Amino acid sequence: MKALAASARRRTGFHINTVGTIGAAIVLFWIVIAICAPLLVPYPVGKIVDFDFFGPMSQKFWLGTDYLGRDILSRILMGARYTVGIAFAAVSLACFVGVALGMIAAVVGGFFDTALSRFLDALNAIPSLMFGLVVVAGVGSSIPVLIMTLALIYAPGSYRFARSLAANTNTMDFVTVARARGEGTVYIIREEILPNIIGPVLADFGLRFVFIVLLLSGLSFLGLGVQPPNADWGGLVRENLAGLPYGAPAVIFPSIAIASLTISVNMLIDNLPTRIRDRSA
Amino acid sequence: MGNIVEIRDLAVAAKTDSGRVVDIIKGVDIEVAEGEVVALIGESGSGKTTIALTLLGYTRPGCRITRGKVLVAGRDMVAMSEAERQHVRGQQVAYVPQSAAAAFDPSQTIMEQVVEVSRIHQLMPPEDARRKAVDLFRALSLPNPETIGARYPHQVSGGQLQRLAAAMALIGDPEVMVFDEPTTALDVTTQIEVLRAFKSVIADRNMAGIYVSHDLAVVAQIADRIVVLKGGEVQEVAETEKIVHTPQHAYTKELIAAFHPVERAPADPRAMAQRNAILEVKNLSAGYGPTGSDSQPSFLALKDVTFRLAAGESLGIIGESGSGKSTLARVISGLLPQSSGSVTFEGRELAKSVSGRSREELRKMQIVFQLADTALNPNRPVRAILGRPLTFYHGVRGRQREAEVDRLLDMVRLPAALKHRLPSELSGGQKQRVNLARALAAKPELILCDEITSALDTVVAAAILKLLDELQRELGLSYMFISHDLSTVEAICDEVVVMYQGEKVEEMPTNRMKSGAEHPYSRLLISSVPQLDTNWLDRLEQDNELMQAVAGR
């Protein structure tokens, strides 16, 4: 049995532990849901299908109904598109920009580093909800604007984080050796710095993802996020908050959905597959 | 005379990161008689510090004493409860750590920390403790014994701090002192004062001690008996004289042999003058900090240095910490632009920084750093580390590159199978070989070696030096060899430049180093290198005034 597992592992060349597998499975599940949602929803998202509001779980409405009597299951399934899609796009953009700029600043140093750091610190000082409010009021709300706004809000933090990690790695002798060899900035960043900071950077990615889901729900609550009748998960929680005293499934299930997604993203990122390196080969 | 310390059949096990339990000490017996100093000597990983710490009933996190007894004054430290151990520590057994700088709390005055032991154990009133501390400072020949206690740790030098750590250990009048490599981090000139102070204090108080070190010459000055350890087992125990002169065990012989490097046949000075200079450094100055009005940086680490290195020769740069020798290597390799002066390589003046030099110029001069741990990217396998300069300088790719990597590994006497490993999976000596192979991959003319053997064990370092020597003969390389260790320089260099506070004080052929040094600082430095002779420290006479001047900087 063990030998079998070992040979299977050698074939794939990667090894992932149980926690990582569970995380990956849940993330994958939500991604599939997000893609296939229109085929799966039992009722149209905006349609009031029940006379009762905050209805209980039933044969007809698996996860109950919301404050207007709309089907929660349908709303969660469709909400996955917004939450997973917008949050992933925004966090990827924020981390890519932040990490890339952070590494460049750490390696290049000097005036470029100082100017960029101060500028992004200034950006960081603007309250995020306020910033979102101004942008959406000015440009109007659409999904690309939402993604850009969220990315812009979270990029400075990612920059700071990556810059401090890269600055530490930058002083190591192997980077000095690469410099003395005459290597360019791009090579040093890509081959010498990035592989050594990728672990913490990915952990930061996971945390930032959670923050973005929360901020997105905040924006939706203010009517700046996803526009009704659609709603992201955060929006679903907010709009059904009044049902909490009754223990309505309408508020519990979107919360569970958010928790399962954010926790599994972090589980996956903390336990990424590691390549099996055959030392004897 | 009874035994104050008796270690019987001691075994210590450690848990590795992967959860495997390994025995790191495998049944060791050691005894120390009253008033005797026993040295534990061995390479890193031999378990010498682990054994020393068991005297305090302590094991490092993840380690556990699995069997055996550690009797201190007849009481077993292993069987004792933690509360009892705490009572014994500092009163009966005291510990002097390797790095006193890390052991002192920077936010308290030295006096507060030195008398802390007496306060914890309520040995004496604070005033008495202070008076006693001052006496100890005097006994350890510290300057200004009355007032030094009022200073903070960063206000005294490294050698003084090490002696203050000893004072801290001595305040509780322990019966046994444990010294854990107390002089390893010090410069040789400082080491002498510290050793002298320790020796006289131990003799005055007729204390027993365990002295942990990897340096046989240092141990020979202070210990009565030597225990040679390897892989957690005792290899040989004998009187110091016997170990030094008639070693029995094969490993001890190897240790002693590594201490006597084969002296290099000096190059004919006339032949050297005729040969073309591969590297010429003229009036080089460099430093750190903002540039002032005189176009010099605010802190000059290198002042007006001039020397010449003939092709195929080796030049040693020696000096203590802060002498500017590493800065010199950084300036020559273009990592730190000089503020004035010139570097000429093969007859052509080099640009100040890496970006201004051609790839060919960069290829011909390679730099190898001291710590192979930080000089190798921990995330890249050996094959990628060695392959990169091949691709970068020679455009070699694919199968040819693999073959070249194999050849390089063979050149530094490593098996080709190692190329799939990450640096963390290599031993210290193997890492340093890979580090060297990376420089060789460029097919350089000159290699700047920055303390490349300093972090290695004696036996391993000797092997690396031998390799360097062989490579020089095979490939006709030139070396600039930076070191604070004179015996390594002796083994490999034709000429030696002595640096002091950023200036070159003297240049001489290596074979004249012992007899013909002219500058007083070079003489002091050279005479401070411990000799493998038990009476060396007692016989050593040095210019005290100069010593004070050097120590007080």
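A residue is called buried when its relative accessible area is under 20%, exposed when it is over 50%, and partly exposed in between, as computed with a 1.4 Å probe on protein chains only. In this predicted model, local features need pLDDT of at least 70 and side-chain atom pairs count only at pLDDT 80 or more, whereas totals for chains, interfaces and linings use all residues. Residues are numbered from 1 along each chain as its sequence is written, chains are lettered from A and ligands numbered from 1 in the order in which they are written, and side-chain values use heavy atoms, with hydrogens and water left out.

A:Ser158 belongs to helix α6 of chain A, residues 143-170, where helices are DSSP runs of H or I with at least four residues, numbered from the N terminus. With a relative accessible area of 1%, A:Ser158 is buried. Beyond its neighbours within four places in sequence, A:Ser158 is in contact (heavy atoms within 4.5 Å) with A:Ala94, A:Cys95, A:Gly98, A:Val99, A:Asp204 and A:Arg208.

Helix α3 of chain A, residues 72-108, holds A:Leu101. This residue is partly exposed, at a relative accessible area of 26%. Apart from neighbours within four places in sequence, A:Leu101 is in contact with A:Leu116 and A:Tyr159. The C-alpha atoms of A:Leu101 and A:Ala162 lie 8.4 Å apart, although the two residues are separated by 61 residues in sequence.

The 37 residues of α3(A) reach 52 Å from first C-alpha to last, close to the 54 Å expected at 1.5 Å a residue. A positive phi, near 65 degrees, is found at A:Gly109, which follows α3(A).

Notes:
Helices (H or I, at least four residues) and strands (E, at least two) are DSSP runs, numbered from the N terminus. The expected span of a helix is 1.5 Å times one less than its number of residues.
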